[in-house]
Structures are given as structure tokens and as C-alpha cells.
Amino acid sequence: MDFFNGFVNFIDGVKSKLFLKFALFVLHRSLGKFLKHKIKPDQLHLNPSDGTFSLENLELDVEALNSLIPESLGVFIIEGLVGTVSGVIPYQSLHEDGCELGISGLRLTIRARSDKDK
């Protein structure tokens, strides 16, 4: 029985590590271009059994965000932070279910463009 329990724990550990790598891949592909720093594995809180995850206190890449804002809008972002990104990656049923993503605590510092900002 000890061998079986040890084997089950080993398999669960492998599943957890694989899900961590998969979750990091998905998050880098979807969010990475908007983040100032690469997501580190220790930043990611994740539950492999149900596919839920959360990240906290992320600094946004303002250059990437500003590239999406037309100059005619007359503003640009000088600082951006996200309090929490959370969601679900249904790795066991990706073909049937989509990923869910939620953002809370978004803080953007925006300034009006002046002639010297162009």
C-alpha cells in the first residue's frame, strides 16, 4: 500500500509541475506582452485539480499599452499596475471549455499629451 500511495503522490507531483508549465505558457502567450517583467513560477498561485490560478501585483509595460492608444486620443499611460489576475485554465477539457480571465485592482496613471511628447 505504501508503494501505491507513493506512486499516486509522484503522479500528482508530475501533474502539478506539468500544469504549472502549461499555465505559465498560456499566461505568457496571453498577458506577457503587456507585463513589464516575465511571470516567475513563484508568483503564480495555482490549483491543478480545478485549473484555477491567480497572480498578484503585476507591473504593466506602459510602452506596449501606449502602442495601442492612438495619438489622436491625446493621452498616454505613464504607469500601470494590476492588483490581481485570476482565472481558470481547464486543461482537462480545453476543446470544450475556454479559459477564463479576470482582472481586479487595475490602476493606470494617464497624462494628457503635450507637443513635446510627440
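**View 1. Strands β2 and β3 pair side by side.** Strand β2 (residues 52–59) and strand β3 (residues 75–88) are antiparallel partners joined by seven bridges. Here helices (H or I, at least four residues) and strands (E, at least two) are DSSP runs, numbered from the N terminus, and two strands pair if DSSP finds at least two bridges between them. Start with L55, which faces V85 in β3. F53 stands opposite G87 in β3, and the bridge partner of T52 in β3 is V88. Please keep in mind that this is a predicted model, in which local features need pLDDT of at least 70 and side-chain atom pairs count only at pLDDT 80 or more, while totals for chains, interfaces and linings use all residues. Residues are numbered from 1 along each chain as its sequence is written, and side-chain values use heavy atoms, with hydrogens and water left out.

View 2. In which order do the four strands of the open sheet lie? The order is β1-β2-β3-β4, with antiparallel pairing. β1 (45–47) and β4 (100–112) are the edge strands, each with a single partner strand, so one side of each has no neighbour in the sheet. On average, neighbouring strands of this sheet are turned by 15° against each other, direction ignored; axes are lines fitted to C-alpha atoms, for helices over the stretch in contact, and angles run from 0 to 180 degrees between N-to-C directions. In a regular strand, side chains alternate between the two faces of the sheet.

**View 3. A hairpin links β1 and β2.** The antiparallel strands β1 and β2 are joined by three bridges. Four residues lie between these two strands in the hairpin, and G51 in the turn has a positive phi of about 80°. Look for N47, which stands opposite T52 in β2.

View 4. How many bridges join β3 to β4? There are 12, and the two strands run antiparallel. With a relative accessibility of 39%, R111 counts as partly exposed, a class that lies between buried (under 20% relative accessible area) and exposed (over 50%), using a 1.4 Å probe and protein chains only. R111 and E79 are 32 residues apart in sequence, and their C-alpha atoms are 9.6 Å apart in space.

**View 5. V85 sits in the nonpolar core.** The largest nonpolar core has 19 residues, and those with the most contacts inside it are L27, L44, L55 and V85. Such a core is a set of buried Ala, Val, Leu, Ile, Met, Phe, Trp, Tyr and Cys residues joined through side-chain atoms within 4.5 Å. Two or more of its residues come from each of α1 (2–31), β2 and β3, and the largest share, six residues, comes from α1. Zooming in on V85, its contacts (heavy atoms within 4.5 Å) include L31, F53, L58, L101 and I103, not counting residues up to four places away in sequence. In soluble globular proteins, nonpolar side chains tend to be buried together.

View 6. Is N66 buried or exposed? N66 is buried, at a relative accessible area of 17%. This residue is in helix α2, and N66 touches F76 and I77, leaving aside residues up to four places away in sequence. E71 lies in the loop between α2 (62–66) and β3. E71 and R113 are 42 residues apart in sequence, yet 8.2 Å apart in space from C-alpha to C-alpha.

**View 7. Stepping back to the protein chain.** Two helices and four strands make up its list of elements, and along the sequence they follow the pattern α-β-β-α-β-β. Of the 118 residues, 25% count as buried. Among contacts between residues at least 6 apart in sequence, 58% join residues at least 24 apart. How confident is the predictor, and where is confidence lowest? The average pLDDT (the predictor's confidence in each residue, from 0 to 100) is 85, and 84% of the residues score at least 70. Confidence is lowest in α1, at a mean of 74, and highest in α2, at 96.
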